[in-house]
Amino acid sequence: MVSNMRATTSSLFFLRGGTNMNAPLDQLARRSLDPQIALMNGRPTIIEFYADWCEACRKMAPAMISTESQIGQKIDIVLLNVDNIRWQNLIDLYDVKGIPQLSFFDSEGSLKGKSLGVRSEAEIKEFADSTLEGMPFPEVLGTADISTFN
(Lines give C-alpha, C1' and ligand atoms only; values in the text may rest on other atoms or scores of the structure.)
Protein backbone atom coordinates (compact mmCIF):
# COMPACT_ATOMS: atom_id res chain seq x y z
CA MET A 1 0.00 0.00 0.00
CA VAL A 2 2.78 2.45 0.94
CA SER A 3 4.71 1.70 -2.27
CA ASN A 4 1.54 2.31 -4.32
CA MET A 5 1.05 5.65 -2.58
CA ARG A 6 4.69 6.60 -3.29
CA ALA A 7 4.27 5.60 -6.93
CA THR A 8 1.12 7.72 -7.21
CA THR A 9 2.82 10.71 -5.56
CA SER A 10 5.84 10.32 -7.85
CA SER A 11 3.60 10.08 -10.91
CA LEU A 12 1.75 13.26 -9.97
CA PHE A 13 5.06 15.05 -9.43
CA PHE A 14 6.28 14.09 -12.90
CA LEU A 15 2.92 14.85 -14.56
CA ARG A 16 2.94 18.31 -13.03
CA GLY A 17 6.35 19.02 -14.55
CA GLY A 18 8.16 18.72 -11.23
CA THR A 19 11.50 17.82 -12.79
CA ASN A 20 11.25 19.64 -16.09
CA MET A 21 14.10 22.06 -15.53
CA ASN A 22 13.75 23.36 -19.10
CA ALA A 23 10.13 24.48 -18.68
CA PRO A 24 9.74 28.26 -19.06
CA LEU A 25 8.51 28.69 -15.47
CA ASP A 26 11.51 26.79 -14.14
CA GLN A 27 13.88 28.86 -16.27
CA LEU A 28 12.48 32.10 -14.88
CA ALA A 29 12.31 30.86 -11.31
CA ARG A 30 15.94 29.74 -11.35
CA ARG A 31 17.04 33.21 -12.56
CA SER A 32 14.89 35.06 -10.01
CA LEU A 33 16.38 37.19 -7.29
CA ASP A 34 15.24 36.75 -3.73
CA PRO A 35 12.16 39.02 -3.43
CA GLN A 36 13.62 41.03 -0.52
CA ILE A 37 16.76 41.80 -2.52
CA ALA A 38 14.71 42.74 -5.59
CA LEU A 39 12.44 45.05 -3.61
CA MET A 40 15.37 46.83 -1.93
CA ASN A 41 17.93 47.14 -4.74
CA GLY A 42 16.60 50.37 -6.27
CA ARG A 43 15.10 48.75 -9.38
CA PRO A 44 11.42 48.31 -10.21
CA THR A 45 10.24 44.74 -9.69
CA ILE A 46 7.59 42.39 -11.05
CA ILE A 47 6.70 39.49 -8.79
CA GLU A 48 4.76 36.66 -10.39
CA PHE A 49 2.99 34.29 -8.01
CA TYR A 50 2.64 30.98 -9.82
CA ALA A 51 2.58 27.18 -9.43
CA ASP A 52 4.06 24.39 -11.54
CA TRP A 53 0.64 22.75 -11.96
CA CYS A 54 -1.08 25.99 -13.04
CA GLU A 55 -2.15 25.82 -16.69
CA ALA A 56 -2.79 29.58 -16.78
CA CYS A 57 0.74 30.19 -15.46
CA ARG A 58 2.22 27.91 -18.11
CA LYS A 59 0.19 29.70 -20.78
CA MET A 60 1.66 33.07 -19.72
CA ALA A 61 5.27 31.84 -19.28
CA PRO A 62 6.44 32.57 -22.87
CA ALA A 63 5.22 36.17 -22.53
CA MET A 64 7.11 36.52 -19.25
CA ILE A 65 10.32 35.14 -20.79
CA SER A 66 9.99 37.52 -23.74
CA THR A 67 9.35 40.45 -21.39
CA GLU A 68 12.41 39.51 -19.34
CA SER A 69 14.59 39.37 -22.46
CA GLN A 70 13.32 42.80 -23.59
CA ILE A 71 13.41 44.75 -20.32
CA GLY A 72 15.15 42.48 -17.80
CA GLN A 73 18.12 44.85 -17.66
CA LYS A 74 15.81 47.60 -16.32
CA ILE A 75 13.42 45.70 -14.08
CA ASP A 76 13.71 42.67 -11.78
CA ILE A 77 11.36 39.76 -12.52
CA VAL A 78 10.83 37.43 -9.56
CA LEU A 79 8.80 34.21 -9.58
CA LEU A 80 7.39 32.87 -6.31
CA ASN A 81 5.79 29.43 -6.26
CA VAL A 82 2.64 29.49 -4.11
CA ASP A 83 3.25 25.85 -3.17
CA ASN A 84 6.46 26.82 -1.38
CA ILE A 85 5.67 27.58 2.28
CA ARG A 86 8.67 29.92 2.30
CA TRP A 87 6.60 32.53 0.44
CA GLN A 88 3.42 32.28 2.57
CA ASN A 89 4.03 35.65 4.23
CA LEU A 90 4.26 37.36 0.83
CA ILE A 91 1.21 35.47 -0.46
CA ASP A 92 -0.73 36.83 2.51
CA LEU A 93 0.80 40.32 2.36
CA TYR A 94 -0.06 40.77 -1.33
CA ASP A 95 -3.47 39.10 -1.00
CA VAL A 96 -2.89 36.40 -3.60
CA LYS A 97 -6.24 34.70 -4.28
CA GLY A 98 -5.53 33.19 -7.68
CA ILE A 99 -2.63 32.68 -10.05
CA PRO A 100 -0.90 33.86 -12.05
CA GLN A 101 -0.80 37.13 -10.14
CA LEU A 102 1.63 39.82 -11.21
CA SER A 103 2.50 42.44 -8.61
CA PHE A 104 4.34 45.55 -9.83
CA PHE A 105 6.65 47.55 -7.54
CA ASP A 106 8.46 50.84 -8.12
CA SER A 107 12.17 51.34 -7.44
CA GLU A 108 11.38 52.10 -3.79
CA GLY A 109 9.69 48.71 -3.34
CA SER A 110 6.17 50.19 -3.14
CA LEU A 111 3.33 48.23 -4.72
CA LYS A 112 1.98 50.15 -7.72
CA GLY A 113 -0.52 47.67 -9.09
CA LYS A 114 -1.34 44.06 -9.71
CA SER A 115 -2.91 41.89 -12.36
CA LEU A 116 -4.68 38.58 -11.85
CA GLY A 117 -4.77 36.03 -14.63
CA VAL A 118 -3.07 35.41 -17.94
CA ARG A 119 -1.86 38.55 -19.65
CA SER A 120 -0.40 38.98 -23.11
CA GLU A 121 3.15 40.09 -23.69
CA ALA A 122 1.87 43.52 -24.77
CA GLU A 123 -0.17 43.90 -21.56
CA ILE A 124 2.75 42.83 -19.36
CA LYS A 125 5.03 45.27 -21.17
CA GLU A 126 2.47 48.08 -20.75
CA PHE A 127 2.27 47.39 -17.00
CA ALA A 128 6.06 47.23 -16.74
CA ASP A 129 6.54 50.42 -18.76
CA SER A 130 4.14 52.35 -16.53
CA THR A 131 6.08 51.08 -13.50
CA LEU A 132 9.42 52.05 -15.06
CA GLU A 133 8.20 55.49 -16.06
CA GLY A 134 6.40 56.25 -12.79
CA MET A 135 3.10 56.63 -14.64
CA PRO A 136 -0.29 55.62 -13.25
CA PHE A 137 -0.91 51.91 -13.47
CA PRO A 138 -3.13 51.00 -16.46
CA GLU A 139 -6.66 49.92 -15.70
CA VAL A 140 -7.19 46.21 -16.12
CA LEU A 141 -10.51 45.21 -17.59
CA GLY A 142 -11.88 41.96 -16.25
CA THR A 143 -10.01 38.97 -14.95
CA ALA A 144 -8.15 36.74 -17.37
CA ASP A 145 -7.79 32.93 -17.08
CA ILE A 146 -6.74 32.01 -13.55
CA SER A 147 -6.12 29.01 -11.34
CA THR A 148 -7.29 29.05 -7.75
CA PHE A 149 -5.43 27.52 -4.84
CA ASN A 150 -5.80 27.09 -1.09
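**Sheet, core and charged pairs in a predicted model**

The side chain of R119 makes a polar contact with the side chain of S115 at 2.7 Å, a polar contact being a pair of N or O atoms within 3.5 Å in which, within protein, one atom must be able to donate a hydrogen and the other to accept it, while residues adjacent in sequence count only if both atoms are side-chain atoms. Residues are numbered from 1 along each chain as its sequence is written, and side-chain values use heavy atoms, with hydrogens and water left out. R119 is found in the loop between β5 (111–116) and α6 (121–133), where helices (H or I, at least four residues) and strands (E, at least two) are DSSP runs numbered from the N terminus. With a relative accessibility of 6%, R119 counts as buried, a term that means under 20% relative accessible area, whereas exposed means over 50% and partly exposed lies in between (1.4 Å probe, protein chains only).

Four strands form an open sheet of mixed pairing, in the order β2-β1-β4-β5, two strands being paired if DSSP finds at least two bridges between them. The edge strands, β2 and β5, each pair on one side only, and neighbouring strands of this sheet are turned by 20 degrees against each other on average, with direction ignored. Axes are lines fitted to C-alpha atoms, for helices over the stretch in contact, and angles run from 0 to 180 degrees between N-to-C directions. Six bridges join β1 and β2 in the parallel sense, and the bridge partner of Y50 in β2 is N81. Helix α4 packs on the sheet, touching β1, β2 and β4, and its direction makes about 160 degrees with that of β1; contact here means heavy atoms within 4.5 Å.

The largest nonpolar core has 36 residues, of which I46, F49, M64 and I99 touch the most other members. Several elements each supply at least two residues of this core, among them α2 (24–31), β1 (45–50) and β4 (101–105), while the largest share, seven residues, comes from α4. Such a core is a set of buried Ala, Val, Leu, Ile, Met, Phe, Trp, Tyr and Cys residues joined through side-chain atoms within 4.5 Å.

Two further residues are buried. V96, in the loop between α5 and β3 (98–99), has a relative accessible area of 7%, and its C-alpha is 9.9 Å from that of Y50, although the two residues are 46 apart in sequence. S130 lies in helix α6 and is likewise buried, with a relative accessible area of 7%; leaving aside neighbours within four places in sequence, S130 is in contact with M135, P136, F137 and P138.

Side chains of opposite charge can pair when their charged atoms come close. The structure holds eight salt bridges, each a side-chain nitrogen of Lys or Arg within 4 Å of a carboxyl oxygen of Asp or Glu. One of them joins R31 and E68 (2.5 Å, N to O); because R31 lies in helix α2 and E68 in helix α4, this pair ties together parts that are 37 residues apart in sequence. K125 and D129 form another, with the closest N and O atoms 3.1 Å apart, and these residues are separated by about one helical turn, because they are four residues apart in helix α6.

Terms used: This is a predicted model: local features need pLDDT of at least 70, side-chain atom pairs count only at pLDDT 80 or more; totals for chains, interfaces and linings use all residues.
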